[in-house]
Amino acid sequence: MRQTTLDLEPGAPPFAWTATRSEALARLTRFESAAGSSYARQRNFDFGPGKHAQVSQLSPWIRHRLLLERDVLRAVLQRYDLNQAEKFIQEVFWRGYFKGWLEHRPDVWRNYKRDLVRQFDQLDRDADLARRYDEAIEGRTGLDCFDSWTRELIETGYLHNHARMWFASIWIYTLRLPWQLGADFFYRHLVDGDPASNTCSWRWVCGLHTMGKTYLARASNIEKFTAGRFNPVGELATTAPALDEPHSIQIITPDLATADFAGRRVGLILTEEDGCIESLGLQHPVSMLALTAPTQRSVRPLGTLAAAFGPKAVRDASARAEVHFQVPTTDYSGPDWAEAVRDWAGENGLEACITARLPQGPVRKRLTQACRSADIELLQITRPYDQAVWPHARRGFFGLKKKIPSILDRLDLS
């Protein structure tokens, strides 16, 4: 296997990712000078495993908030103005857009999870579907580009964004497989696997996010942007009809206010959703609980790299938070979060628990259920970035795009 350019932990296998804030900041420093016209020219090219230097590859750290969107925007805007780095800055905001869009539509996440259970049940009943699914996730379809991306995803925990679009289109329209199973395959293996970005991106490809607008992978496009590595001429679907939305979706207005906990004896819970807990502006909590077990994203096993990054991110966040708050941390890596919260809260005489805002996804469900079972209130703190971005993610990205200059002003990043 070709050695990647990623920084590896001592003794780590190829393509390991160092889940620390210090590594994230170092990578940002190395990339920020390329976030202008160079990024705009080269960002769509996928040169293969270990050859993605033309894009930032910061997504694993941003997804777990070891690196904040604000960190990235500030660094880039210290070098370039908004017009010069427009393409890269928009990519940063796309992640926040998908997060906010799903917060307005929690039914989309719940429906996806229910549909996924039915799709896995169908695999047990439909031998042909099961065979085609296994060929796809094992890289045995006979499509050289698709099989190569499958192997890269499993071995590295990462795919270039353009390759993710091609892969999803081929999965849906050429291989005729359910999009939910493809989204689950990505989510299980991507180190930057995110409920909102992953689910919404797959829905976008099949015409469910922007209704009727689909993405068709074309051989000429793949040949051009892989620099001739692949040319699946005559092998791909030639049409991409939009799929139907089988569910009704209610649009809500999420409550982005930060809970008031002044004067209460509170403890701080750290999860893989936010690895910069010391920057939330908290007063000193009584104690901290670090939940370091991998969060099961699926009924199927997680990829090795994806399963390892989250717990390491929480431990890095915990070490920094201990120094910042000067209070002890309980590290819990077991499966029963309710028992862990109950015991920890009781030992420390807590009146409530605090955590960073939990967006739609399995961590939110697991921790809210655990606190409910432990009979203790869970309070959430919403970052100013989310408060500024998410209200503009009610519909399409263009509505948010128009607001980027004013959001940067509001966050003092202009």
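**Note on helix packing, burial and backbone angles**

1. Helix 5 and helix 11 run roughly perpendicular to each other. The model is a predicted one. In it, helix 5 spans residues 86–104 and helix 11 spans residues 195–205. Their axes cross at roughly 90° and come within 8 Å; a crossing angle from 65 to 115 degrees counts as roughly perpendicular, so the pair is described that way. Helix 5 brings Arg95, Phe98, Lys99, Trp101 and Leu102 to the contact, while helix 11 brings Pro195, Ala196, Ser197, Cys200, Ser201 and Arg203. By class, this contact of helix 5 with helix 11 holds six nonpolar, two polar and three charged residues.

2. On the helix 8 side, Cys145, Phe146, Trp149 and Thr150 take part; they meet Ala163, Trp166, Phe167, Ile170 and Trp171 of helix 9. Eight residues of this contact between helix 8 and helix 9 are nonpolar, one is polar and none is charged.

3. Which residues of helix 10 are buried? Helix 10 covers residues 179–189, and eleven of its eleven residues are buried. They are Trp179, Gln180, Leu181, Gly182, Ala183, Asp184, Phe185, Phe186, Tyr187, Arg188 and His189.

4. Helix 14 (residues 337–347) has Trp337, Ala338, Ala340, Val341, Trp344 and Ala345 as buried residues. These cover an arc of only 160° around the axis, so they sit on the same side of helix 14. Gly346 and Glu347, on the other side of helix 14, are exposed. What do the buried residues of helix 14 pack against? Their partners are strand 1 (266–270), strand 2 (288–291), strand 3 (329–332), strand 4 (352–356) and helix 15 (362–373).

5. The loop between helix 2 (37–42) and helix 3 (59–63) contains Arg43. Is Arg43 buried or exposed? Its relative accessibility is 19%, and because buried means under 20%, Arg43 counts as buried. Apart from neighbours within four places in sequence, Arg43 is in contact with Gln54, Val55, Lys87, Glu91 and His160.

6. Gln57 is found in that loop too, between helix 2 and helix 3. Its phi is near 55°, a positive value, and Gln57 is not a glycine. Most residues other than glycine have a negative phi. With a relative accessible area of 9%, Gln57 is buried.

7. Arg65 also has a positive phi, of about 55°, although it is not a glycine. Arg65 is located in the loop between helix 3 and helix 4 (69–77). The relative accessible area of Arg65 is 10%, so this residue is buried.

8. Ala130 is part of helix 7 (residues 127–137). The relative accessible area of Ala130 is 18%, and the residue is therefore buried. How far apart in space are Ala130 and Ala290? From C-alpha to C-alpha, Ala130 and Ala290 are 39 Å apart; in sequence, 160 residues separate Ala130 from Ala290.

Key
Residues are numbered from 1 along each chain as its sequence is written. This is a predicted model: local features need pLDDT of at least 70, side-chain atom pairs count only at pLDDT 80 or more; totals for chains, interfaces and linings use all residues. Side-chain values use heavy atoms; hydrogens and water are left out. Contact means heavy atoms within 4.5 Å. Helices (H or I, at least four residues) and strands (E, at least two) are DSSP runs, numbered from the N terminus. Ala, Val, Leu, Ile, Met, Phe, Trp, Tyr, Cys and Pro count as nonpolar, Asp, Glu, Lys and Arg as charged, and the others, Gly among them, as polar. Axes are lines fitted to C-alpha atoms, for helices over the stretch in contact, and angles run from 0 to 180 degrees between N-to-C directions. Angles under 35 degrees count as roughly parallel, over 145 as roughly antiparallel, 65 to 115 as roughly perpendicular and the rest as oblique. Buried means under 20% relative accessible area, exposed over 50%, partly exposed in between (1.4 Å probe, protein chains only). The arc is that of the directions from the helix axis to the C-beta atoms.
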